[in-house]
Amino acid sequence: MYGYRERIGLILPSTNTVMESELSRMVPEGISVHTTRVKLTATNPEGLKAMSVNAERAVDELESCLSDVIIYGCTSGSFLQGMDWDDQFRTRLQSLASARILTTSYACRLALQAMGRRKIAIATPYIDSLNDAAKGYFTAAGYEIVNIKGLGIEVASNIGKNPPHISYRLGKEVVTAETELLFLSCTGFRTMEIVERLEQDLGIPVITSNGASLWAAMRSHGIKEQLQGYGSLFQLSYPL
């Protein structure tokens with residue numbers, strides 16, 4: 001039986017061509033990933049707000065395949081309207097589901113808590129307004145954003161066209177002398193292949209949207225397996 005240890009339900013922006021593939025490659029034996037999509041027209045505030053309207057329908061669909069954990073797999077879509085909105089959004093979806101509900105931004109907060117680092121550099125494919133929202137969200141969560149830099153991509157389907165070396169180079173560019181942790185934000189941004197190499201080259205922890213989402217989904221369901229090759233986060237326990 002696929003998913004005999006855990007079934008992860010994944011709600012994806014319709015334009016995302018990366019997260020489903022990365023999670024499916026990363027999951028250990030006995031964990032399966034099952035996906036549904038919500039329509040995204042543009043990676044800007046208007047498009048992301050409109051996308052969230054269909055989340056309840058998506059949760060209902062993923063409940064029907066007996067998901068153990070359901071991830072709303074969009075970082076910007078969950079941080080855009082602030083931490084309070086993200087928490088209320090999760091609570092609303094949780095009221096509809098027996099599965100544990102996570103958003104990617106909340107998973108990243110849990111990952112940062114587990115890492116215990118406060119001074120963060122953030123690298124993204126986003127436009128400036130979304131970078132501003134990211135900075136506000138994680139500042140409100142108690143972190144100091146020492147630098148943030150984006151690629152300025154607004155056509156959502158173009159994010160996944162960037163090969164891994166783009167996220168690697170952007171990550172190196174955004175890190176400053178005071179950076180304690182690098183965060184590569186966006187579930188549509190390819191990072192799986194380069195996160196461990198970045199940690200080795202920078203000498204600091206690196207978390208990614210997709211890595212944090214999978215780690216939180218596994219740990220919240222009691223799976224303590226320490227995955228190799230995807231960064232130091234997967235050696236850590238759940239913080240709650």
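Predicted model: local features only at pLDDT ≥ 70, side-chain atom pairs only at ≥ 80, totals over all residues.
Colleague: Then how many residues of β1 are buried?

Modeller: Eight of the eight residues of β1, which covers residues 6-13, are buried, so the strand is largely enclosed by the rest of the structure. Glu6, Ile8, Leu10 and Leu12 point one way from β1, whereas Arg7, Gly9, Ile11 and Pro13 point the other way, and all of them are buried.

Colleague: Which sheet does β1 sit in, and what is the strand order?

Modeller: It belongs to an open sheet of four strands with the order β2-β1-β3-β4, and the pairing is parallel. At the edges stand β2 and β4 (100-103), each with a single partner strand, so one side of each is left without a neighbour in the sheet. From one strand to the next, the twist averages 20°.

Colleague: How many bridges does β1 make with β2, and how many with β3?

Modeller: With β2 (residues 31-38), β1 pairs in the parallel sense over eight bridges, and glycine 9 has histidine 34 of β2 as its bridge partner. With β3 (residues 69-72), β1 pairs in the parallel sense over four bridges, and there isoleucine 8 has valine 69 of β3 as its bridge partner.

Colleague: Which strands does helix α3 touch?

Modeller: Helix α3 (residues 55-63) packs on this sheet and touches β1, β2, β3 and β4, with its direction making about 150° with that of β2.

Colleague: Switching to the other sheet, what is the order of strands there?

Modeller: Four strands form an open sheet in the order β6-β5-β7-β8, again with parallel pairing. The edge strands are β6 (144-150) and β8, each of which pairs on one side only. Neighbouring strands in this sheet are turned by 20° against each other on average, if direction is ignored.

Colleague: How many bridges join β7 and β8, and which residue stands opposite valine 206?

Modeller: Strand β7 (residues 181-184) pairs with β8 in the parallel sense over three bridges, and leucine 182 is the residue that stands opposite valine 206 in β8.

Colleague: Where do helices α7 and α10 lie on that sheet?

Modeller: Helix α7 (residues 128-140) packs on the sheet, where it touches β5 (119-124), β6 and β7, and its direction makes about 160° with that of β6. Helix α10 lies across β7 and β8 and runs at about 80° to β8.

Colleague: You listed Cys186 near the centre of the largest cavity. What is its phi?

Modeller: Cysteine 186 has a positive phi of about 120° although it is not a glycine. As background, most residues other than glycine have a negative phi. Cysteine 186 is placed in the loop between β7 and α9, and at 10% relative accessibility it counts as buried.

Colleague: Is leucine 66 buried or exposed?

Modeller: At 58% relative accessibility, leucine 66 counts as exposed. Leucine 66 lies in the loop between α3 and β3, and its phi is near 60°, a positive value in a residue other than glycine.

Colleague: Last one, which residues does threonine 191 contact?

Modeller: Leaving aside its neighbours within four places in sequence, threonine 191 is in contact with Glu22, Ser167, Leu184 and Thr208. Threonine 191 is in the loop between β7 and α9 (195-202), and at 2% relative accessibility it counts as buried.

Key
Residues numbered from 1 in each chain as written. Heavy atoms only, no water. 1 Å grid on protein atoms, 1.4 Å probe; cavity = no way out; pocket = protein on both sides within 12 Å on 5 of 7 lines; lining within 4 Å. Pairing = 2+ DSSP bridges. Helix = DSSP H or I, 4+ residues; strand = E, 2+ residues; numbered from the N terminus. Axes fitted to C-alpha atoms, helices over the stretch in contact; angles between N-to-C directions. Contact = heavy atoms within 4.5 Å. Buried < 20%, exposed > 50% of the residue type's maximum accessible area, 1.4 Å probe, protein only.
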